[in-house]
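User: I am new to protein structures and would like to learn how to read one. Could you take me through it step by step?

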Amino acid sequence: MAVLNSLLARTVISYLLVFTVPLLLPVAFFKLVGLGGLRELVTYEARDTPLHRLDPRLKVLYPIAMGILSILLTWSFMLIVFGLSLLPWFWLRPSRQRVRVLMVLVIGPALGGFWDQGMYYLPPPPVHFLYHFPWTISWMGSPGITTYGMIFGLEQTARVLVVVSTSMLILVTTDVGDFTWAFERFGAPPAVGFALTAAMRFLPEMISRTTLVLRAVELRGYDLSRPRWFQVGRWIDYCRRVVRCVVLVTVPLLVGTLRGTTTMAMVADARGFGASRKRGSLRVHKLTPVDISGYAVLVILVGGAFVLNHLHIGARYYG
């Protein structure tokens, strides 16, 4: 115990606590998910489920409504809201690969916010430290890890995860063209819908191109194999090779993106985009009783949140 309480031991433990979690999160992400898994999560999955058949306008309003709930309500009510945001995933029944990617994307930011706020969010005194940092790490601006800070970080992260979970659900169950149709029905100009379509297609295509270029670089003899964790001397050379690879990958990606943008512009001109202010649509979604029930549920949830906020029941306090 005397050794652990020494200044040197406390300094080493403090540096490990500060830097271990932020460094392990990206490593765990690429190890468990990778670029291919991220592409699978943000790509539309064509299936015949009740969620896929819902009105696109309802699915666009769903993350907005859940975001309003996460802003207005306290942490106690946020547990209910977070549970409600998870129910549609059980209805969708995604694949195990998609569930694993979603769990990593949910747990990763949760751990990051939980850890960061635990170190930097200080409550009014008296402060209860789980671990008090020595003066040798004072340049980080954190006196230690507090229980209240960790709880506060978990609360704030949960609010963000509600919006992330609902947004990911909409990306998986809604075709890009349906998003454009929904925004046009909301009165947005056609150019806004086209820009939204291009933006939503950009991320999956960029991930595919990055994966393809990395594989091409490796097939042409560039060594990107990672050394073992105990091979400390080889990690410097590995980092140097990765930095050089960034330059090798950036140029083909930039050229491929410019070519894809040019092709998209030519396709839009060939199909007469912008020739008429009023545009037609191949698929027109009609309201069903399920859609009407969904709209009613969103109105009840948002209206109930405003009523509770006005009555100071479950309302967040600021200041």
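This is a predicted model: local features need pLDDT of at least 70, side-chain atom pairs count only at pLDDT 80 or more; totals for chains, interfaces and linings use all residues.

Analyst: Start with the terms. Helices (H or I, at least four residues) and strands (E, at least two) are DSSP runs, numbered from the N terminus. The expected span of a helix is 1.5 Å times one less than its number of residues. Residues are numbered from 1 along each chain as its sequence is written, and side-chain values use heavy atoms, with hydrogens and water left out.

User: How many helices and strands are in the protein chain?

Analyst: The protein chain has 10 helices and 2 strands. Along the sequence, their pattern is α-α-α-α-α-β-β-α-α-α-α-α.

User: What span does helix 4 reach, from its first C-alpha to its last?

Analyst: Helix 4 covers residues 75–92, which is 18 residues. Its span is 27 Å, close to the expected 26 Å.

User: Which residues of helix 4 are buried?

Analyst: First, the cut-offs. Buried means under 20% relative accessible area, exposed means over 50%, and partly exposed lies in between (1.4 Å probe, protein chains only). In helix 4, M78, V81, S85, P88, W89 and L92 are buried. These residues cover an arc of only 105° around the axis, so they sit on the same side of helix 4. The arc is that of the directions from the helix axis to the C-beta atoms.

User: Why do residues three or four places apart point the same way?

Analyst: An α-helix has 3.6 residues a turn, so residues at that spacing point the same way. Now look at the other side of helix 4: S76, L79, I80, L87 and F90 are exposed there.

User: What covers the buried residues of helix 4?

Analyst: The cover includes helix 3 (56–72), helix 5 (96–120) and helix 6 (147–173). After helix 4 comes R93, with a positive phi near 55°.

User: How do I describe two packed helices?

Analyst: Use the angle between their axes and the distance between the axes. Axes are lines fitted to C-alpha atoms, for helices over the stretch in contact, and angles run from 0 to 180 degrees between N-to-C directions. Under 35 degrees is roughly parallel, over 145 roughly antiparallel, 65 to 115 roughly perpendicular, and the rest oblique. Take helix 3 and helix 6: their axes come within 9 Å and cross at roughly 175°. The two helices are therefore roughly antiparallel.

User: Which residues make the contact of helix 3 with helix 6?

Analyst: Contact means heavy atoms within 4.5 Å. On helix 3, the residues include K59, Y62 and P63. On helix 6, R159, V162 and V163 are among them. By class, this contact has 7 nonpolar, 5 polar and 2 charged residues. Ala, Val, Leu, Ile, Met, Phe, Trp, Tyr, Cys and Pro count as nonpolar, Asp, Glu, Lys and Arg as charged, and the others, Gly among them, as polar.

User: At what angle do the axes of helix 3 and helix 7 cross?

Analyst: They cross at roughly 85° and come within 8 Å, with helix 7 spanning residues 176–185. That makes helix 3 roughly perpendicular to helix 7. Helix 3 brings P56, R57 and V60 to this contact. Here the classes are 6 nonpolar, no polar and 3 charged residues.

User: How far apart in space are L171 and Y44?

Analyst: They are 6.0 Å apart, C-alpha to C-alpha, yet 127 residues apart in sequence. L171 is in helix 6. Its relative accessible area is 24%, so L171 is partly exposed.
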